[in-house]
Amino acid sequence: MSRTALRICPLCEATCGLTLTVEGTRVTGARGDRDDVFSKGFICPKGASFGAVDGDPDRLRTPLVRQDGELREATWEEAFDAVAAGIRGVVDRHGANSVGVVLGNPNVHTMAGALYPPVLLAGLGTRSVFTASTVDQMPKHVSSGLLYGDANAIPVPDLDHTDHLLLIGANPLESNGSLCTAPDFPGKLKALRARGGTLTVIDPRRTRTAKLADRHIAVRPGADALLLAAMAYVLFEEGLVDMGELTPHLQGLDELREAVQDFTPEAVADACDVDAGVTRALARELAAAPTAAVYGRIGSCTVPHGTLASWLVDVLNILTGNLDRPGGALFPQAATDRTPRPAGPSHGFALGRWHSRVSRHPEAKGELPLSALAEEIDSATTEGEPIRALIAVATNPVLSAPDGDRLDKALGSLDFMVSVDPYLNETSRHAHVVLPPPPPSQSPHHDFAFNTLAVRNQVRYTRPAVPLEPGRMAETEILARLILAATGMHGADPSAVDDLVIGQTLGKAVKDAHSPVHGREPGELTAALVGDTGPERRLDMMLRLGPYGDGFGVRPDGLSLTKLLAHPHGIDLGPLRSRLPQPLKTRSGKVELLPQPLADDLPRLREALRHKPDGLVLVGRRHLRSNNSWMHNVPALTGGTNRCTLHIHPEDAERLGLKDGAAVRVKGAGGEVVTEAEVTDGVRPGVVSLPHGWGHDRPGTRLSHALKDPGVNVNQLLDGSMLDPLSGNAVLNGIPVKLAAVATL
């Protein structure tokens with residue numbers, strides 16, 4: 001007997017609502033939920049393949065513990081005993097910083113990944129923290145922190161209402177959007193065009209998004225910040241700056257004007273390969289539009305000047321008066337955000353509060369560069385202890401970080417490693433203990449992170465579509481037990497973790513004069529929480545204390561878990577709205593247009609005016625049916641156009657004697673790979689492209705389908721030395737490479 005169940009899709013940032021068909025305990029089908037308040041029935045190939053992802057036979061079902069050098073199946077008790085002994089032994093001998101924690105991209109796609117890692121990090125007290133953010137988005141966090149005082153205050157384009165959208169380094173028709181949560185991003189772009197709006201795409205590749213655009217600018221990879229700075233120059237030079245209602249909230253306009261004086265369209269033209277007249281037209285069109293939004297993403301983050309480029313995206317929105325107004329770029333407000341506080345000066349944002357042990361990279365947002373993980377393990381210096389133990393949660397840095405070969409060897413030298421992962425992949429194969437979470441159908445879902453980036457305010461929650469199988473452990477319990485084992489509380493009831501967080505949160509809330517529960521008794525509030533599990537009780541608490549919450553009875557019409565459960569397709573909280581100055585946490589209480597760290601980095605950008613690579617440079621790319629290295633073990637999501645090939649322009653192919661389908665050796669500073677050439681005019685001359693997330697050919701993994709067509713690891717071409725200095729983000733685009741034909745693949 002089949003039945004249906006609702007589930008929010010966790011396979012990309014669009015967070016679409018799904019209606020699953022379930023037969024027994026098996027998901028046999030997935031379609032878009034037409035009644036979902038946010039996605040309204042939209043579904044992409046990943047969502048349609050939810051059942052195949054969920055039921056992948058290579059998913060681990062029981063823990064693995066290394067015995068006599070081999071990973072063998074074990075009980076949960078044996079696994080956590082081993083974790084407690086391994087982690088605590090290293091901490092006792094070498095200190096907390098000798099334990100590294102690596103958090104991967106999938107953490108932000110699960111409730112467990114959002115709720116428990118912060119508790120783990122606080123309990124361990126380690127500064128050796130690495131996440132996928134520093135191979136993806138850290139420049140945007142740093143620029144937002146410096147501009148607004150809050151690294152998570154990221155404005156998103158008001159896609160449903162803007163008249164002019166400029167995308168730089170973004171390909172949402174393939175990615176479904178990133179740092180901008182928008183189900184049916186393609187439909188929103190088509191609707192923009194249909195209502196007479198303008199879409200401009202700046203990208204060295206003629207992507208699916210670029211093909212939809214009114215104007216496509218094939219900029220030289222890595223020159224994004226130069227082009228954006230020149231557009232800002234034009235706005236000042238031609239008197240097009242009009243900040244409107246933003247003006248009282250800004251500080252540093254004169255300094256900003258002076259800072260961009262060297263970046264004339266003529267000065268940047270050669271470095272960008274963009275004619276000065278085109279740059280001026282881009283700036284004029286942006287200023288002339290009734291409303292407009294500039295949106296930059298991974299292509300403009302993973303370059304040498306990623307933080308400056310991310311900053312200049314917001315600068316253009318500010319100078320044209322489009323920040324914090326409908327149709328421009330606005331700050332979302334999620335239902336689980338903290339209780340809004342009155343606007344005013346705050347603590348601001350600091351960089352470099354500590355540094356990595358070997359290369360002295362500054363921390364950003366509490367993290368060290370993932371590119372530095374290998375050297376933090378395998379290099380001895382007089383500064384502190386190397387990393388001797390590693391906790392890896394939903395991460396595969398052997399493929400996602402630069403120089404995977406070095407990291408691969410470094411992981412093999414650890415005293416102890418525990419991996420929370422459903423697969424035995426290129427990274428988890430090194431673990432001493434592998435803790436496999438259940439498939440997504442057996443887990444609840446609420447998007448804590450992505451709702452802070454959503455293009456419409458809404459709230460949704462789905463309980464597990466399928467009961468937890470016998471022998472499985474909920475991901476929330478796995479992480480709670482991991483926290484207890486790693487922090488010296490092994491054997492305690494895992495509910496103690498949730499109880500601790502609830503007690504601390506409510507204890508602070510009742511002392512906060514701005515909280516709706518100020519002056520009340522924490523015990524009374526704790527008793528009022530509802531939910532079948534600790535995570536549900538925590539969600540109830542966050543909803544009730546949040547900006548739309550009932551305040552534990554203070555606002556009877558407000559949100560609570562009870563109310564949310566009564567609306568299985570979600571609750572619409574309305575369009576994005578102007579919020580300044582409330583989101584600002586800078587020391588001045590204003591948007592600080594030219595913070596000192598950014599001013600100090602501008603000479604490096606000026607130096608880039610004099611350098612133009614004369615050889616081939618490499619950029620990455622994505623595919624709609626992929627999400628980093630997650631999806632390559634699912635037959636329905638591989639094959640066809642989703643292949644690991646090197647895109648090369650016909651002119652470059654002819655010059656190098658490369659034929660379509662021929663084998664080609666690609667060499668970079670970190671190594672070389674041999675792959676298949678795919679000749680296409682989808683890349684501009686001088687640029688080649690390899691996709692990210694491939695390279696599934698290492699021994700000891702259990703990825704049977706991925707192994708049949710493993711592809712190559714593009715990040716092996718990098719040696720990890722190229723970073724954006726402000727954010728520590730790896731430089732993955734605009735990398736110099738050399739090509740050579742080889743006889744066969």
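Buried means under 20% relative accessible area, exposed over 50%, and partly exposed in between, computed with a 1.4 Å probe and protein chains only. The model is predicted, so local features need pLDDT of at least 70 and side-chain atom pairs count only at pLDDT 80 or more, while totals for chains, interfaces and linings use all residues. Residues are numbered from 1 along each chain as its sequence is written, and side-chain values use heavy atoms, with hydrogens and water left out.

Q: What share of the 745 residues in the protein is buried?
A: The count covers the protein, which holds 26 helices and 27 strands (DSSP runs numbered from the N terminus, H or I of at least four residues for helices and E of at least two for strands). By the cut-off of under 20% relative accessible area, the buried share of the 745 residues is 61%.

Q: Which strands are the edge strands of the open sheet of 7 strands?
A: Two strands pair if DSSP finds at least two bridges between them, and by that criterion the sheet has mixed pairing and the order S26-S21-S25-S22-S24-S23-S27. An edge strand here pairs on one side only, and the two that do so are S26 and S27 (738–741).

Q: In which sense, parallel or antiparallel, do S22 and S24 pair?
A: Strands of a sheet pair through backbone hydrogen bonds, either parallel or antiparallel. S22 is joined to S25 (residues 687–689) by 2 antiparallel bridges, with histidine 647 opposite serine 689. Toward S24 (residues 671–679), isoleucine 648 has valine 679 as its bridge partner, and the 4 bridges between S22 and S24 are parallel.

Q: Which residues of S22 are buried on the two sides of the strand?
A: In a regular strand the side chains alternate between the two faces of the sheet. Both faces of S22 (residues 645–648) are covered, and the buried residues are Thr645 and His647 on one side, with Leu646 and Ile648 on the other.

Q: How many of the 14 residues of H15 are buried?
A: Helix H15 (residues 306–319) reaches 20 Å from its first C-alpha to its last, close to the 20 Å expected, where the expected span is 1.5 Å times one less than the number of residues. H15 is followed by glycine 321, whose phi is positive, near 75 degrees. The helix is largely enclosed by the rest of the structure, because the number of its residues that are buried is 14 of the 14.

Q: What distance separates the C-alpha atoms of leucine 71 and valine 434?
A: Leucine 71, in strand S5 (residues 70–73), is buried with a relative accessible area of 15%. Contact means heavy atoms within 4.5 Å, and the contacts of leucine 71 include Leu424, His432, Val434 and Arg702. Although leucine 71 and valine 434 are 363 residues apart along the chain, their C-alpha atoms are separated by 8.6 Å.

Q: Which residue in S3 is the bridge partner of glutamate 23?
A: S2 (residues 17–23) and S3 (residues 26–32) run antiparallel and are joined by 6 bridges. The two strands form a hairpin with 2 residues between them, and glycine 24 in the turn has a positive phi of about 65 degrees. The bridge partner of glutamate 23 is arginine 26.

Conventions. Lists of a residue's contacts leave out its neighbours within four places in sequence.
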